[in-house]
Amino acid sequence: MGSGTRLTNLFLVALSLVVALGLCELAARIIHPASDIFPSNPAIDPILGHRLLPYQSGHDGRGFRNETSQGDFTVVCIGDSQVYGAGIARGYAFPQQLSRLLHQPVYNMGLGGYGPVQYYQLLQESQQLNAKKTVMAFFLGNDLLDAYAAVRQDHWHGLRPGPTAAGQLSAIPLCARPYSQSDSRELQYAPDIITFKLKAGGSWVWKVHSWLRLHSALYALQYEGMVKPLIQMTLERKQHLEIPGAFSVPGVDTIFMPNTNLRGLDLRAEDVRTGLLITRKIIDMMGDLKIPKKDLLVIIIPTKENVYYRSLRDRNAVLPDEYECAVHYEREIGRWLQQIVAQNGFTFLDVFPPLEEAARQGNLLYHSSSDAHLNARGNRLVAEALYQALRDQL
């Protein structure tokens, strides 16, 4: 065989591979929503702090995780990454699961890094969608710190509570564990937390990986479906368990992070107290909006530690003081906020009981790592609770 024939054959093989990969790439983009594949890169926003640009990474014309932002929506769900559906495919986020249960369009208006201040702004923006019901989902795991961080922006400076406002919190009993400044952490700007820093420096291997992760649907699917789970089961899980205070329990395939949880809830910390006062003010401001109070339903997505507390007790697990205090604060703050919601005439729906019961029955509701987001099954339970509350009102 001559050299010319060999070169021709090599060229044909290479061309076939390129065409095959191109067809697989095209198929991957057609079958899978881009928001399930590509990481998003928020842009700075003077009011919300950050938002996604329209049609970026498979998001809709408003920058949210929906197929479309056009048409009529029966329900709008507002919140942070718990509403967005971080760590799961778009179709498994509870707003999308609720849509299938209701057989009516539900709009997902959640984004990672948002908190009560952003929820208030989104509640006003959501009026353009003319939905019959709006669900606002708080997540006490980080909402109080997010509220504190948001008022650093010029637009929200007026939300800072006055010196006498702290007396409003006197009814909330404190945990016995002393608060230490060593527990505090530096606040980060949300896009630094929720954006993959793939464009940063590194070896040429990392740069190739970064480029493919950002631009190739086929590569991203292989990474998310095969490589990343392997990393999570081996290196990542080991690394997470080395974090101070982190632990796991036999028979419960997830990692608990009570230290991190307590950091966002400990009322001995000034930023947490301030964030809670801002959250109360936000709910009062919601009550002043010209929005029918019967049309707003408020829920609190519980933390993993709260959901599994009784399940771990059932297993006679020895829980550290940080775990006990985090659950104490979450429940006490939750009850206090429920009263504020009721005083403003809004409806509160408790989605905690079905999640706690499912955990006690041995269901895995979270990911195997320290990820604090509900998995698809956990999102299903939230969707079912909302369905039961809303089905006769729509």
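Residues are numbered from 1 along each chain as its sequence is written, and side-chain values use heavy atoms, with hydrogens and water left out. Because the model is predicted, local features need pLDDT of at least 70 and side-chain atom pairs count only at pLDDT 80 or more, whereas totals for chains, interfaces and linings use all residues.

**Exercise 1.** Classify the ring pair of phenylalanine 73 and tyrosine 107, and locate both residues.

*Solution.* Rings of Phe, Tyr and Trp (its six-membered ring) pair if their centres lie within 6.5 Å; planes under 30 degrees apart count as stacked, over 60 as edge-to-face and the rest as tilted. The structure holds 10 aromatic pairs. For phenylalanine 73 and tyrosine 107, the centres are 4.9 Å apart and the planes stand at 65°, so the pair is edge-to-face. Helices (H or I, at least four residues) and strands (E, at least two) are DSSP runs, numbered from the N terminus. Phenylalanine 73 lies in the loop between strand E2 (49–51) and strand E3 (75–79), and tyrosine 107 in strand E4 (residues 106–110), so the pair ties together parts 34 residues apart in sequence. Buried means under 20% relative accessible area, exposed over 50%, and partly exposed in between (1.4 Å probe, protein chains only). Phenylalanine 73 is buried at 8%, and tyrosine 107 is buried at 0%.

**Exercise 2.** Classify the ring pair of phenylalanine 247 and tyrosine 323, and name the cluster that holds these residues.

*Solution.* The ring centres of phenylalanine 247 and tyrosine 323 are 6.0 Å apart with planes at 50°, so this pair is tilted. Distant parts of the chain are linked here: phenylalanine 247 belongs to strand E6 (residues 247–249) and tyrosine 323 to helix H13 (residues 321–343), 76 residues apart. Phenylalanine 247 is buried with a relative accessible area of 16%, and tyrosine 323 is buried at 0%. Ring pairs join Phe247, Phe256, Tyr308, Tyr309, Tyr323 and Tyr366 into a cluster.

**Exercise 3.** Describe the largest nonpolar core and the elements that supply it.

*Solution.* A nonpolar core is a set of buried Ala, Val, Leu, Ile, Met, Phe, Trp, Tyr and Cys residues joined through side-chain atoms within 4.5 Å. The largest has 56 residues, of which Leu123, Leu276, Met286 and Ile333 touch the most other members. At least two residues each come from E3, E4, helix H4 (116–125), strand E5 (133–139), helix H5 (143–150), helix H10 (270–288), strand E8 (296–301) and H13. H13 gives the largest share, 8 residues. Contact means heavy atoms within 4.5 Å; leaving aside residues up to four places away in sequence, isoleucine 333 touches Leu140, Leu144, Leu265, Leu267 and Leu276. Another core, of 41 residues, lies apart from the largest one and includes Leu297, Tyr323, Ala359 and Ala383.

**Exercise 4.** Determine how far helix H4 is enclosed.

*Solution.* In H4, 9 of the 10 residues are buried, so this helix is largely enclosed by the rest of the structure. Among the buried residues are Pro116, Tyr119, Leu123 and Glu125.

**Exercise 5.** Identify the disulfide and give its handedness.

*Solution.* A disulfide is a pair of cysteine sulfur atoms within 2.5 Å, and the count comes to 1. Cysteine 175 and cysteine 325 form it, with sulfur atoms 1.8 Å apart. The torsion about their S-S bond is about -60°, so the disulfide is left-handed. Cysteine 175 lies in the loop between H5 and helix H6 (190–194) and cysteine 325 in helix H13, so parts 150 residues apart in sequence are tied together. Cysteine 175 is buried at 11% relative accessibility, as is cysteine 325 at 4%.
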